[in-house]
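I'll go from the overall numbers to a single residue.

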Amino acid sequence: MRFDIITVLPGLLESPFAHSILQRAQHKGLVEIHVHNLRDYATNKHKSVDDYPYGGGSGMVMQIEPFAACIEKLQAERSYDEVIYMTPDGETLNQEIANALSSVENVIILCGHYKGIDQRIRDVFVTREISIGDYVLSGGELPAAIVVDAVVRLIPGVLSDETSALSDSFQDGLLDAPIYTRPAEWRSHRVPEVLLSGHEAKIAAWRHEQQLKRTEDRRPDLLND
Ligand code: ADE
């Protein structure tokens, strides 16, 4: 799978992909992540990529031409399944969206700044608009990194234990059960006996019961869907 991320702040995306699972996935050749500096596609000598909004109002608007030039250059090189715009007014990211994206080949992600991007970029190029939640960040870079992380860990072969993405919270519509490791007792807090019993069926039943309880307590909305 290949991601092309277009941003005015490429430096913000240097670190998130250079560690742990995301780094290993790239080293294994399972994913390519390319970050493009939008300013390289600016058409004026000041390399500016924004301008005042028509109709007035506060804040600047990111212009069409640099995005169009970068997207069209990429699209001339290969075909893309999705052009995603990260925006607080998009559909809220969830596990279902991450699952769907993990089975496509090539994705472009546009990161907005200032007031956002000219609506015509959205109308002409964007196939999907994603928010990471009902709050506003200063740009789309951190949201883009979150989408990439959520998707890449689902690509077969990325996680060493193939079953571990399947047992994530949300994959079966429920939150995860509590988990424990050694020591079995810490300051009088003991690990639930059933987990020490070695009885697989009882452990599975206990975990399912805990998942239901935690989901009822914390996210009853997940049970009502
Ligand atoms: N850009 C700014 N805030 C955002 C959010 N909540 N989700 C996606 N992109 C954003």
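The protein has 9 helices and 9 strands. Those are DSSP runs, numbered from the N terminus: helices are H or I over at least four residues, strands are E over at least two.

Some housekeeping. This is a predicted model, so local features need pLDDT of at least 70 and side-chain atom pairs count only at pLDDT 80 or more, while totals for chains, interfaces and linings use all residues. Residues are numbered from 1 along each chain as its sequence is written.

On confidence: pLDDT, the predictor's confidence in each residue from 0 to 100, averages 96 for the protein, and 99% of the residues score at least 70. For the complex, the predictor gives an ipTM of 0.98 and a pTM of 0.95.

Next, dimensions. Along the principal axes, the C-alpha atoms of the protein fill a box of roughly 70 × 40 × 35 Å. The radius of gyration is 22 Å, whereas a compact globule of 225 residues would come out near 17 Å. That radius is taken over C-alpha atoms, and the globule rule is 2.2 Å times the number of residues to the power 0.38.

How much of the protein is buried? Of the 225 residues, 24%. Buried means 20 or more other C-beta atoms within 10 Å of the residue's own, exposed means 12 or fewer, and partly exposed is in between, with C-beta atoms placed from the backbone.

Finally, K45. K45 sits in the loop between β2 (32–37) and β3 (50–51). K45 counts as exposed because it has 6 C-beta neighbours inside 10 Å. I33 is 12 residues from K45 along the chain, and their C-alpha atoms are separated by 29 Å.
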